[in-house]
Amino acid sequence: MKEMTIITEPDEVSLAHRGAAIFSRIAAERLALRGRFVVALSGGSTPRPMHRMLCEEPYFSTIPWSRTHIFWVDERCVPADDLASNYGAARADLLDRVPVLPDQVHPMPMDFSPEEAAAAYQEELVRFFQSPPSKIPVFDLIILGIGTDGHTASLFPGQSALREQKRLVVPVRGGDPLVDRLTMTLPLLNNAGEIVFLVSGKKKAPILKSIIEGASVQYPAQMIRPVHGNLTWLLDREAASQRHG
Ligand code: 6PG
């Protein structure tokens, strides 16, 4: 890992602003360096205010929308118009409101069995990144959240997906809602250039303390350790309330 940074904002609105500012900074840096920006979004409720802010100034016009590609770290196997769909939520909050073309948006496929859909998404990643079989794609930015059980993406405690070394995307079942899901695996997530965890609210305070301060690795979120990239924990004061210092 290059660097780990912990940022604490006063509340969830300032957390969303800070997240949007980081998103727009990394997008501009990657555009200058590589001519495009490739991001993987998380589901759940925490990133939603940030997604809505990205459609507004001062962020909107700083983001190279026509050179941006959007993927998902995980998805619940439900139709896009289901309230539980991570893609559906991001479409309403963000994608329908910014100038991105359909071929820049890469939702996890829902029209196959979970096993087939995971393989199809992996193929899409390999095609998009043009990665040789031995190379793991490198996302410019991956946004993650945590659950009160210490999960991240759809990597749940005790499940075999945590041990996956070869596949980039696997099917799992778990979480709330308890449905079939697809998730990116640790080798892919940990290969990103920048990983940003967004964590908000009192409910997350105990698990956040255990994840950040715990002496041993007990939770999936602790297994996020970018191999070459940076890790940022972006918290609000309530989420950070049980931490020392
Ligand atoms: C999902 C997620 C998941 C999420 C956390 C936090 O699809 O369920 O990607 O890992 O980030 O469960 O969710 P909240 O933001 O809703 O608390």
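Modeller: Phe 139, Met 184 and Trp 233 touch the most other members of the largest nonpolar core, which has 76 residues. The largest share of this core, seven residues, is supplied by H1. This is a predicted model, in which local features need pLDDT of at least 70 and side-chain atom pairs count only at pLDDT 80 or more, whereas totals for chains, interfaces and linings use all residues. Residues are numbered from 1 along each chain as its sequence is written, and side-chain values use heavy atoms, with hydrogens and water left out.

Colleague: What makes a set of residues a nonpolar core?

Modeller: The members must be buried Ala, Val, Leu, Ile, Met, Phe, Trp, Tyr or Cys residues joined through side-chain atoms within 4.5 Å; buried here means under 20% relative accessible area, exposed means over 50%, and partly exposed lies in between, for a 1.4 Å probe and protein chains only. In soluble globular proteins, nonpolar side chains tend to be buried together.

Colleague: Which residues is Phe 139 in contact with, leaving aside its neighbours within four places in sequence?

Modeller: Contact means heavy atoms within 4.5 Å, and the partners of Phe 139 beyond those neighbours include Val 38, Val 39, Ala 40, Phe 71, Leu 125, Phe 129, Met 184 and Leu 188.

Colleague: What makes E3 mostly covered?

Modeller: Five of its five residues are buried, with Thr 68, Ile 70 and Trp 72 on one side and His 69 and Phe 71 on the other. E3 pairs with E2 over five bridges in the parallel sense, and Val 38 stands opposite His 69.

**Local backbone and exposure**

Colleague: Why is Gln 130 called exposed?

Modeller: Gln 130 has 67% relative accessibility and therefore counts as exposed. Its place is in the loop between helix H4 (114-129) and E5, and its phi is near 50 degrees, a positive value in a residue other than glycine.

Colleague: Is Ala 153, by contrast, buried or exposed?

Modeller: Ala 153 is buried, because its relative accessible area is 9%. Ala 153 is found in the loop between E5 and E6, and its phi, near 45 degrees, is positive too. Most residues other than glycine have a negative phi, and most peptide bonds are trans.

Colleague: Which peptide bond is cis, with omega near 5 degrees?

Modeller: The bond from Glu 57 to Pro 58 is cis, with that omega, and Pro 58 sits in the loop between helix H2 (48-54) and E3. Asp 176 and Pro 177 are likewise joined by a cis peptide bond, with omega about 5 degrees; Pro 177 is in the loop between strand E6 (169-174) and strand E7 (179-184).

**The ligand**

Colleague: How many residues surround the ligand, and which are the closest?

Modeller: There are 15 residues around the ligand, the closest being Ser 45, Thr 46, His 151, Ala 153 and Lys 204, where being near requires a heavy atom within 4 Å.

Colleague: What makes a pair of atoms a polar contact?

Modeller: The pair must be N or O atoms within 3.5 Å. A polar side-chain atom of Thr 46 lies 2.4 Å from an oxygen atom of the ligand, an N or O atom in the side chain of Asp 74 is 2.8 Å from a ligand oxygen, and a backbone N or O atom of Gly 43 is 3.1 Å from one.

Key. Helix = DSSP H or I, 4+ residues; strand = E, 2+ residues; numbered from the N terminus. Polar contact = N/O pair within 3.5 Å; in protein donor to acceptor, adjacent residues only side chain to side chain. Pairing = 2+ DSSP bridges.
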